[in-house]
Amino acid sequence: MNRLDHPLYQEDLERVAACGVDWSALDGSTVAISGATGMVGTFLVDVLMHKARRDGLDVLIVALGRNEAKARERLPYFDDPRFTFEELDISVPGARPKAAADVFVHLASTTHPRAYATQPIGTITSNVVGLQNLLNYALDCAANSASFVFASSVEVYGQNRGDVVRFDESYCGYIDCNTLRAGYPESKRLGEALCQAYASERGARVWVPRLPRIYGPTLLPSDTKALSQFLHKAVAGEDVVLKSEGTQEFSYLYVADAVAGLLWVLTRGEAGRAYNVADPSGDIMLRDLAGLIARAGGGDVVFELPDAVERAGYSTATKALLDGTRLRELGWKPMYTFEEGIARTVELLRG
């Protein structure tokens with residue numbers, strides 16, 4: 001079943017549309033989204049199109065991606081005048097979209113371990129070169145009035161030094177920059193610094209949501225994160241494979257809640273600030289997560305050693321929990337419990 005026809009997915013879109021986002025801030029806007037065919041980008045496009053079609057939100061969407069064929073599979077809106085797709089690798093130096101926009105959401109990024117290990121250059125350039133390309137273009141389009149969202153990550157905090165339970169937005173942990181795996185967190189850190197530089201020197205208006213580990217029905221088959229691999233196995237009716245002792249403790253969030261949080265940051269947050277998009281209800285130990293997903297798929301948990309490529313892309317963090325107080329004080333809260341999000345994901349991916 002097409003995800004857009006599934007009652008659970010329709011409910012997800014309805015709930016985000018009604019969750020308290022200040023949609024008036026986007027009314028009359030053209031929204032450019034890089035990484036539009038990714039897990040978060042696909043859901044963001046879906047919810048904006050849903051809001052436009054159902055409630056008449058006056059919005060034009062410019063989806064940016066490297067592969068039009070993939071976009072046609074993921075985003076069934078090519079015949080809708082409110083949607084445009086541009087085939088563009090935003091990480092190429094000097095790359096610029098053709099269509100003007102006044103809201104920019106930069107989601108294009110490598111986001112899983114095997115890609116970190118096999119595409120380390122692209123991992124860095126999408127978060128730095130791609131970001132600068134879009135920042136320059138946003139300023140050219142809207143003369144310092146554009147709204148710009150840079151989707152950052154829990155990984156900017158590095159390893160917990162053992163002095164806090166959860167990371168608030170001011171925390172800075174340890175990252176060994178002289179490793180292959182450092183390309184992702186260090187480029188996200190540099191991306192945030194670049195946003196601040198553009199805000200100070202050129203007047204850019206930038207918001208930075210820091211996302212935890214995201215899951216949901218828009219998951220890509222190529223995603224190799226541990227949580228994603230668990231879900232792929234559960235959907236296939238196979239045992240979930242755990243490739244460690246599973247003592248790592250992380251924050252997770254269902255994609256509908258993540259996109260709602262991103263939109264909340266953009267429409268209700270303060271420009272220039274970073275916001276953790278997270279809630280304590282999404283904190284769980286990896287082995288408990290594996291068991292929960294295995295039960296949802298009707299299987300068991302089995303243990304297996306990772307191969308060399310997987311191991312090279314794994315995070316060394318063992319405890320990375322986000323403090324989402326700043327965003328929750330603006331009124332955002334997740335719509336689904338962790339158990340509900342996992343159950344919905346498995347059912348939707350099964351079709």
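Leu134 lies in helix α6, where helices (H or I, at least four residues) and strands (E, at least two) are DSSP runs numbered from the N terminus. The structure is a predicted model, in which local features need pLDDT of at least 70 and side-chain atom pairs count only at pLDDT 80 or more, whereas totals for chains, interfaces and linings use all residues. Residues are numbered from 1 along each chain as its sequence is written, and side-chain values use heavy atoms, with hydrogens and water left out.

With a relative accessible area of 1%, Leu134 is buried; buried means under 20% relative accessible area, exposed over 50% and partly exposed in between, for a 1.4 Å probe and protein chains only. Not counting residues up to four places away in sequence, Leu134 touches Ser34, Leu64, Ile90, Pro97, Phe104, His106 and Phe148, contact being defined as heavy atoms within 4.5 Å. Leu134 and Thr30 are 104 residues apart along the chain, and their C-alpha atoms are separated by 14 Å.

Thr30 is placed in strand β1 (residues 29-34) and, at 16% relative accessibility, counts as buried. Leaving out residues up to four places away in sequence, Thr30 touches Leu60, Val62, Ala100, Ala101, Asp102 and Val103.

In soluble globular proteins, nonpolar side chains tend to be buried together. In this model the largest nonpolar core has 83 residues, of which Ile33, Leu289 and Ile342 touch the most other members. A nonpolar core is here a set of buried Ala, Val, Leu, Ile, Met, Phe, Trp, Tyr and Cys residues joined through side-chain atoms within 4.5 Å. The most residues in this core, 10, are given by helix α9 (residues 255-268). A second, separate core has 26 residues, including Leu139, Ala142, Phe148 and Val206. Apart from its neighbours within four places in sequence, Ile33 is in contact with Leu44, Val45, Leu48, Ile61, Val62, Ala63, Leu64, Val105 and Leu107.

Helix α10 (residues 286-297) has 12 residues and reaches 16 Å from its first C-alpha to its last, close to the 16 Å expected at 1.5 Å a residue; the expected span is 1.5 Å times one less than the number of residues. Gly298 follows α10 and has a positive phi, near 80°.

Helix α7 has 20 residues, and its reach of 27 Å from first C-alpha to last is close to the 28 Å expected at 1.5 Å a residue. Its buried residues are Gly183, Tyr184, Pro185, Ser187, Lys188, Gly191, Glu192, Leu194, Cys195 and Tyr198. Just after α7, Gly203 takes a positive phi of about 75°. Leu180 is found in the loop between β6 (152-153) and α7 (183-202) and, at 41% relative accessibility, counts as partly exposed. Leu180 and Val149, 31 residues apart in sequence, are 27 Å apart in space, C-alpha to C-alpha.

Two packed helices are described by the angle between their axes and the distance between the axes. Helix α1 (residues 7-17) packs with helix α2 (residues 39-55) at an angle of about 75°, and their axes are 9 Å apart. The axes are lines fitted to C-alpha atoms, for helices over the stretch in contact, and angles run from 0 to 180 degrees between N-to-C directions. The helices α1 and α2 are therefore roughly perpendicular to each other; angles under 35 degrees count as roughly parallel, over 145 as roughly antiparallel, 65 to 115 as roughly perpendicular and the rest as oblique. Tyr9, Asp12, Leu13, Glu14, Val16 and Ala17 of α1 make the contact with Phe43, Asp46, Val47, His50, Lys51 and Arg54 of α2. Asp55 also lies in helix α2 and is partly exposed, with a relative accessible area of 39%. Asp55 and Ala17 are 38 residues apart along the chain, with their C-alpha atoms separated by 9.0 Å.

Helix α5 (residues 120-127) and helix α6 (residues 129-142) pack at an angle of about 25°, with axes 3 Å apart, so that α5 is roughly parallel to α6. Their contact is made by Thr125, Ser126 and Asn127 of α5 and Val129, Gly130 and Leu131 of α6.
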